[in-house]
Amino acid sequence: MRVFVTGASGWVGSVAVRELLSAGHQVVALARSDRAAAAVAEPGVDVIRGDLDDLESLRSGAKAADGVVHLAYHHDFSQMDKAARMDLDAIAAFGDVLEGTDRPLVIAAGTLGLAADRTATERDTGDPRAHPRVANAQAALELAARGVRSSVVRFAPSVHGEGDYGLVPALIEFARTTGVSAYIGDGANRWPAVHRLDAATLVRLAVDEAPAGSTLHAVAEEGVPTRAIAEAVGRGLGLPVASISTEQAAEHFGWLGRFFSADCPASSALTRELLDWRPTHHGLIEDLEEGHYFGAAGR
Ligand SMILES: NC(=O)c1ccc[n+]([C@@H]2O[C@H](COP(=O)([O-])OP(=O)(O)OC[C@H]3O[C@@H](n4cnc5c(N)ncnc54)[C@H](OP(=O)(O)O)[C@@H]3O)[C@@H](O)[C@H]2O)c1
């Protein structure tokens with residue numbers, strides 16, 4: 001299959017491209033800059049220059065392919081509504097091109113905030129008032145009724161691995177800056193996690209096999225207690241580990257406090273059953289124990 005991939009230069013996209021290629025697919029990658037074009041260039045990958053803002057580039061990418069993996073996202077906390085709108089417009093553009101073809105459209109979402117006080121499952125739809133991306137996922141799933149084999153992959157908030165530049169490196173940086181690796185309260189609140197190579201396998205399985213209208217969870221570990229994460233960070237940096245109060249969290253963790261205080265376990269039992277997805281790579285704590293997070297990690 002020839003697969004159009006947006007976000008191919010990103011953390012998940014770059015390994016998803018490799019996974020698609022090794023499964024025998026060809027890739028058409030969207031790149032918005034010379035840097036991104038150079039990053040995605042490899043045998044088996046054609047590059048289309050464009051931007052999420054340029055819907056015509058998205059349409060031509062989708063027309064040139066047998067399926068679409070949409071992983072690009074405008075990650076800017078100060079422009080969350082704009083980012084969600086760009087994403088929705090992109091999904092609608094892909095829907096128009098793929099309508100009636102039964103071709104796959106795989107889009108990205110997250111597991112955070114799906115359910116309060118219990119483990120979220122693929123059946124939880126989330127609240128569009130809590131996050132505008134929930135409506136985008138719904139729009140993608142509704143394309144199933146228009147003859148698109150659409151699916152939504154919800155990633156755990158920590159898609160970890162060597163070279164990570166997401167939430168875990170941010171947490172490490174806060175510990176370095178403050179001189180203490182902190183957790184909030186008893187640190188029993190949990191973060192789901194997935195290694196990025198396992199996440200990439202799930203993206204490829206979604207392209208190959210996900211039935212129209214599927215919601216999938218890229219979650220290898222349902223919930224790693226934040227205390228265990230803080231302890232691993234403390235060991236890695238040789239820093240003391242301490243509990244802080246909820247009131248202190250905003251000052252200690254800044255913008256990250258909102259994420260690190262959340263208890264958001266998520267299951268992937270239905271995904272594993274549906275696609276026989278079996279994560280095989282390191283868990284988050286094992287990955288932290290490897291040491292690569294504590295060198296010059298990230299880009
Ligand atoms: N990683 C996680 O822990 C996690 C968790 C939950 C959900 N997700 C979701 O999974 C998807 C992939 O995440 P990621 O971690 O791979 O993100 P990432 O590393 O930040 O990569 C984002 C990708 O989007 C591209 N992009 C951003 N703005 C664009 C624009 N205006 N036009 C075209 N391309 C644009 C970037 O291109 P450049 O290289 O040119 O910047 C990059 O390829 C995203 O939808 C993300 O929200 C990720």
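Where is Thr119 found? In this predicted model, Thr119 sits in the loop between strand E5 and helix H5, the latter spanning residues 133-142. With a relative accessibility of 29%, Thr119 counts as partly exposed, because the partly exposed class lies between the buried limit of 20% and the exposed limit of 50%. Leaving aside neighbours within four places in sequence, Thr119 is in contact with Asp124, Glu222, Pro265, Ala266 and Ser267. The C-alpha atom of Thr119 is separated by 17 Å from that of Val134, a residue 15 places apart from Thr119 along the chain.

The largest nonpolar core has 37 residues, of which Val5, Val69, Val153 and Phe155 touch the most other members. At least two residues of this core come from each of strand E1 (2-6), helix H1 (11-22), strand E2 (26-31), strand E5 (104-110), strand E6 (149-155), helix H7 (196-209) and strand E10 (214-218). Helix H7 gives the most to this core, with six residues. Val5 shows how such a position is surrounded: when neighbours within four places in sequence are set aside, Val5 is in contact with Val17, Leu20, Val27, Val28, Ala29, Leu30 and Val69. Apart from this core lies another one, of 27 residues, which includes Leu171, Ile172, Ala193 and Ala249. As a general background, nonpolar side chains in soluble globular proteins tend to be buried together.

The contact involves Trp11, Ser14, Val15, Ala16, Glu19 and Leu20 on the H1 side, and Arg196, Leu197, Ala200, Thr201, Val203, Arg204 and Val207 on the H7 side. In this arrangement H1 passes H7 in a right-handed crossing.

Where the two helices meet, Leu55, Leu58, Arg59, Ala62 and Lys63 of H3 face Asp89, Ala90, Ala93, Phe94 and Val97 of H4. The buried residues of H3 are Ser57, Leu58, Gly61 and Ala62, and because they fall within an arc of 130 degrees when seen down the helix axis, they line one face of H3. The elements covering these buried residues include E1, E2, strand E3 (45-49), strand E4 (67-70) and H4.

Helix H9, residues 246-253, can be read in a similar manner. Its buried residues are Ala249, His252 and Phe253, and they cover an arc of only 80 degrees around the axis, which puts them on the same side of H9. On the other side of H9, Glu247, Ala250 and Glu251 are exposed. The buried residues of H9 pack against helix H6 (167-178), strand E8 (181-184), strand E12 (241-244) and helix H10 (257-260). Ala249 is also among the residues of the core of 27. His252, which lies in H9, counts as buried at 12% relative accessibility. Not counting residues up to four places away in sequence, His252 touches Phe174, Thr178, Val180, Ala182 and Ile244.

Just after H9, Gly254 takes a positive phi of about 55 degrees. Asp102, in the loop between H4 and E5, has a phi near 60 degrees, a positive value in a residue other than glycine. Asp276, found in the loop between helix H11 (269-275) and helix H12 (284-289), has a positive phi of about 55 degrees although it is not a glycine. With a relative accessible area of 53%, Asp276 is exposed.

Definitions and conventions:
Residues numbered from 1 in each chain as written. Predicted model: local features only at pLDDT ≥ 70, side-chain atom pairs only at ≥ 80, totals over all residues. Heavy atoms only, no water. Core = buried A, V, L, I, M, F, W, Y, C linked by side-chain atoms within 4.5 Å. Buried < 20%, exposed > 50% of the residue type's maximum accessible area, 1.4 Å probe, protein only. Helix = DSSP H or I, 4+ residues; strand = E, 2+ residues; numbered from the N terminus. Contact = heavy atoms within 4.5 Å. Arc of directions from axis to C-beta. Left-handed = near helix turned anticlockwise from the far one by under 90°.
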